[in-house]
Amino acid sequence: MATNIANRLTDADHWMALFQDAFVGGFYQSVARLAEWVDPDYLGIQPQTPSAKGPSGFLDLMARVYALISDTKVRTPSWGERGNDIFVIVELFGHVAGKPLVLQMSDHFVLRDGLVLARTTYFDPAPLNQIVVRHPRTWWRWWRSGFGYPERRIARRLDPRRAKPRRRQDGKGH
């Protein structure tokens, strides 16, 4: 995936507006648009997943998250910036095995030349792991989502990149 030169971030406020808007809809297609602002040298690191490299790695990581937690929504109660670094407090909401999941996360984004060069996410995966371990019916979905190690292909049926685009509830497209 080639990065569009016209899509450059003007500042941290611009990235945060895009980031927050992408997760409002609660579906993969809106989040996938963020890849337009991802540097070709991007490196994304977070617990229980292989490192994401480049825009395609970013898309693959988001696809894995949505394959496991298809109703993922995110809230960003606070964020700050220092130079090219953006620090974000993130609350991820969704359901796994019909059980509500809330993950408190911290994201550190690094910008370079108007693009996102790196993202490091910190969170305790225990709440997610507890739901998966306690509900055997989720084991197969977890495995087929490609989440966790070893790195695996996402099962075709679960891959949100293959789903038909859904409309946002507020009627603003996908």
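Let's start with contacts: among those in the protein chain between residues at least 6 apart in sequence, 56% join residues at least 24 apart, where contact means heavy atoms within 4.5 Å. This is a predicted model, so local features need pLDDT of at least 70, side-chain atom pairs count only at pLDDT 80 or more, and totals for chains, interfaces and linings use all residues. Residues are numbered from 1 along each chain as its sequence is written, and side-chain values use heavy atoms, with hydrogens and water left out.

**The overall layout**

- The secondary structure of the protein chain comes to five helices and six strands; both are DSSP runs numbered from the N terminus, with helices being H or I of at least four residues and strands E of at least two.
- The protein chain has 174 residues, and 49% of them count as buried. Buried means under 20% relative accessible area, exposed means over 50%, and partly exposed is in between (1.4 Å probe, protein chains only).

**The sheet**

- Six strands form an open sheet, and the order across it is β2-β1-β6-β5-β4-β3, with mixed pairing. Two strands pair if DSSP finds at least two bridges between them.
- β2 (52-53) and β3 (73-82) stand at the edges with a single partner strand each, so one side of each is left without a neighbour in the sheet.
- Strand β4 (residues 85-96) runs antiparallel to strand β5 (residues 99-112), and twelve bridges join them.
- β4 and β5 make a hairpin with two residues between them, and Ala97 in the turn has a positive phi of about 55°.
- β5 also runs antiparallel to strand β6 (residues 115-123), this time with eight bridges. In β6, Val110 has Ala118 as its bridge partner, while Ser106 has Tyr122.
- There's a hairpin here too: β5 and β6 have two residues between them, and Asp113 in the turn has a positive phi of about 50°.
- On the parallel side of things, strand β1 (residues 38-45) pairs with β6 over four bridges. Look for Gly44, which stands opposite Arg119 in β6.
- β6 is mostly covered, with seven of its nine residues buried.

**The cavity**

- How many cavities of 30 Å³ or more turn up in a search of the whole structure? The search finds one, and the largest cavity has a volume of about 210 Å³.
- Of the 19 residues that line the largest cavity, Gln46, Val65, Leu92, Met105 and Arg119 are the closest to its centre.
- The elements giving two or more residues to this lining are α1 (12-24), α3 (54-68), β4, β5 and β6.
- Sorted by class, the lining of the largest cavity has 16 nonpolar, one polar and two charged residues. Here Ala, Val, Leu, Ile, Met, Phe, Trp, Tyr, Cys and Pro count as nonpolar, Asp, Glu, Lys and Arg as charged, and the others, Gly among them, as polar.
- As for the method, on a 1 Å grid over the protein atoms alone, a cavity is a set of points where a 1.4 Å probe fits but cannot get out, and lining residues have an atom within 4 Å of a point. Grid points are joined across faces, edges and corners, and a volume is the space filled by probe spheres set on the points.

- Thr76 lies in strand β3 and is buried, with a relative accessible area of 14%.
- The side chains of Thr76 and Gln20 are joined by a polar contact of 2.5 Å. That term means a pair of N or O atoms within 3.5 Å; within protein, one must be able to donate a hydrogen and the other to accept it, and residues adjacent in sequence count only if both atoms are side-chain atoms.
- Setting aside neighbours within four places in sequence, Thr76 is in contact with Met16, Phe19, Gln20, Val88, Ile89 and Val90.
- Asp159 sits in the segment after α5 (139-145), and at 9% relative accessibility Asp159 counts as buried.
- The Asp159 side chain makes a polar contact with the side chain of Arg161 (2.9 Å).

Key: On a 1 Å grid over the protein atoms alone, a cavity is a set of points where a 1.4 Å probe fits but cannot get out, and a pocket is an open set with protein on both sides within 12 Å along at least five of seven lines; lining residues have an atom within 4 Å of a point.
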